[in-house]
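Subject: Structure handover

Hello,

Here is the structure I promised to pass on to you. Have a look at it first, and then read on for what turned up.

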Amino acid sequence: MRNYWRRSKIFLRTQKTIPKDEVSLNAQLLIRGGFIDKLAAGIYSFLPLGWRVMKKIEKIIREEMNRIDGQEIFLPALHPKYFWEETGRWTTMDDLYKLQDQSGRDFALGPTHEEIITPLAQKFIFTYRDLPVYLYQIQTKFRQEHRAKSGLLRGREFIMKDLYSFHANEEDLDNYYEIVKKAYERIFNRVGLKGKTHLTFASGGSFSKYSYEFQTLTDAGEDVIYICQHCGQAVNQEIKEETPTCPNCGESNFVQKRSIEVGNIFKLKTKFSQAFNFYYTDQNNQKKPVIMGCYGIGLNRLMGTIVEVWHDQNGIVWPEEVSPFQIYLIEINPFNDSPLHQKAEEIYQNLAQNNWEIVFDDRSDCSVGEKLAEADLIGIPWQIIISRRTLEKDSVEIVSRQTKEKTLVKAQIEEIEKFLKR
Ligand code: ATP
Ligand code: MG
């Protein structure tokens, strides 16, 4: 990734007005800031700034998946009907996109990949020696969502990280499930949702008693969770209806909050191995069904959630780890002062050389007000402003996008770096 850009060269056009056809705040801000473009309801293009954010999120997720021994693969998105018939979901999954090729063969566009990964794993796993295995991918999913009004929170095409685990027995699945839970906590902390994301008891459906959802508190959320006032455990609506008391501590004093499901982890157990007759032989030469788990995170949804949580009236306030750049350098030079311009250039070049991720707003055809408003809208964590006024004091002004705190720092690369690394 190239990490230094002049604002004038970036494929980017910000918008002052709210796009008329967007009701969700995350999409409004991301479109206005030039991160994404809407093609149709629930379908978005990612522009250079938005794609950088996506890549940062992806990198964090990939690191955490590799750390728990996940092996990255890449499965097809185009699925022959046969695989979906084997599990019965060709007819029962109502958000499945179906299509036909010229010779009349039916396909689905993958909304998830249990139907593909199970028969794949079956070609490689035969005995207990082949287990456990953890496979993940980061790939586009397609779902005919009925309500696609929440911007990146609910897309009809979106990128998901899906991890699948294969085990010899339930105990091994249980152990790994806890490991994934911790990896998920690290991911949500690292992308800037620390303290806002609750591990939430959800119903395990037909497979097991509880599963976990990771729910981030935001008013834009489509879900409702209940947080126990006694022990802090969160439960989803379904669990609350089933058990009016906290499944963790037994108290019954909950607060209701709106939230969005940013990830979930699920014990599939033998649901899919049975559908595909996927067995292995154990140490005693007995045939046993392979035990499975699946673990998803929607990357688009995560990005949309970060924006829902981190914004103010002026725009987005990116957490450092997922921000498209670290520094937004603004030259305020209405009179085209040449020493001032040279100084700004020098700071830009030096910071770029020292591997800071930096945008340099060097435009001369744009007002001061516009530059500052745009910097706030785009939401990069550090704004460095260089103007006649700051240079009179041989300084630049460094503004924190989050706290709005302004500091005059000597206009030398060492001093600027010292401040940023402090
Ligand atoms: P929801 O109840 O919100 O529809 P789901 O139960 O259908 O979610 P899963 O099938 O478990 O979701 O998908 C795993 C993860 O993928 C979710 O936790 C979420 O982060 C993400 N996700 C699901 N649907 C979408 C979507 N339409 N757009 C973006 N991300 C999604
Ligand atoms: Mg869904």
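To start you off: in the loop between which strands is the place of Asn285? Asn285 sits in the loop between strand 15 (279–281) and strand 16 (287–289). Helices (H or I, at least four residues) and strands (E, at least two) are DSSP runs, numbered from the N terminus.

Some ground rules before the rest. This is a predicted model, in which local features need pLDDT of at least 70 and side-chain atom pairs count only at pLDDT 80 or more, while totals for chains, interfaces and linings use all residues. Residues are numbered from 1 along each chain as its sequence is written, chains are lettered from A and ligands numbered from 1 in the order in which they are written, and side-chain values use heavy atoms, with hydrogens and water left out.

**The overall picture**

The protein has 13 helices and 24 strands, and its C-alpha trace spans about 80 × 60 × 45 Å along the principal axes. Of its 422 residues, 54% count as buried. Buried means under 20% relative accessible area, exposed over 50%, and partly exposed in between (1.4 Å probe, protein chains only). Among contacts (heavy atoms within 4.5 Å) with a separation of 6 or more, 68% are between residues 24 or more positions apart.

**Backbone points to look at**

Back to Asn285: its phi is near 65°, a positive value in a residue other than glycine. Asn285 counts as exposed because its relative accessibility is 64%. Asp394 also has a positive phi, near 55°, and lies in the loop between helix 12 (388–392) and strand 23. At 34% relative accessibility, Asp394 counts as partly exposed. The peptide bond from Leu131 to Pro132 is cis, with omega near -5°; Pro132 is in the loop between helix 5 (114–122) and strand 8. As background, most residues other than glycine have a negative phi, and most peptide bonds are trans.

**Two helices**

Helix 1 (residues 25–32) is mostly covered, with seven of its eight residues buried. These are Asn26, Ala27, Gln28, Leu29, Leu30, Ile31 and Arg32. Their cover includes strand 2 (36–40), strand 3 (43–46), helix 9 (299–309) and helix 11. After helix 1 comes Gly34, with a positive phi near 75°.

In helix 13 (residues 413–421), the buried residues are Ile413, Ile416, Glu417, Phe419 and Leu420. Seen down the helix axis, they fall within an arc of 160°, so they line one face of helix 13; the arc is that of the directions from the helix axis to the C-beta atoms. Glu414, Lys418 and Lys421 are exposed on the other side of helix 13. The buried residues of helix 13 pack against several elements, including helix 10 (338–353) and strand 22 (382–387).

**Two buried loop residues**

Asp362 is in the loop between strand 21 (358–361) and helix 11 (368–378), and counts as buried at 17% relative accessibility. The side chain of Asp362 makes a polar contact with the side chain of Arg6 (3.5 Å). A polar contact is a pair of N or O atoms within 3.5 Å; within protein, one must be able to donate a hydrogen and the other to accept it, and residues adjacent in sequence count only if both atoms are side-chain atoms.

Ser150, in the loop between strand 8 (133–142) and strand 9 (157–167), is buried with a relative accessible area of 12%. The side chain of Ser150 makes a polar contact with that of Glu222 (2.6 Å). Leaving aside neighbours within four places in sequence, Ser150 is in contact with Ser24, Asn26 and Glu222.

**The largest pocket**

A pocket is, on a 1 Å grid over the protein atoms alone, an open set of points where a 1.4 Å probe fits, with protein on both sides within 12 Å along at least five of seven lines; lining residues have an atom within 4 Å of a point. The largest pocket is lined by 49 residues, of which Arg143, Met160, Glu261, Asn264 and Arg301 lie nearest its centre. Strand 14 (residues 254–269) gives the most to this lining, with seven residues.
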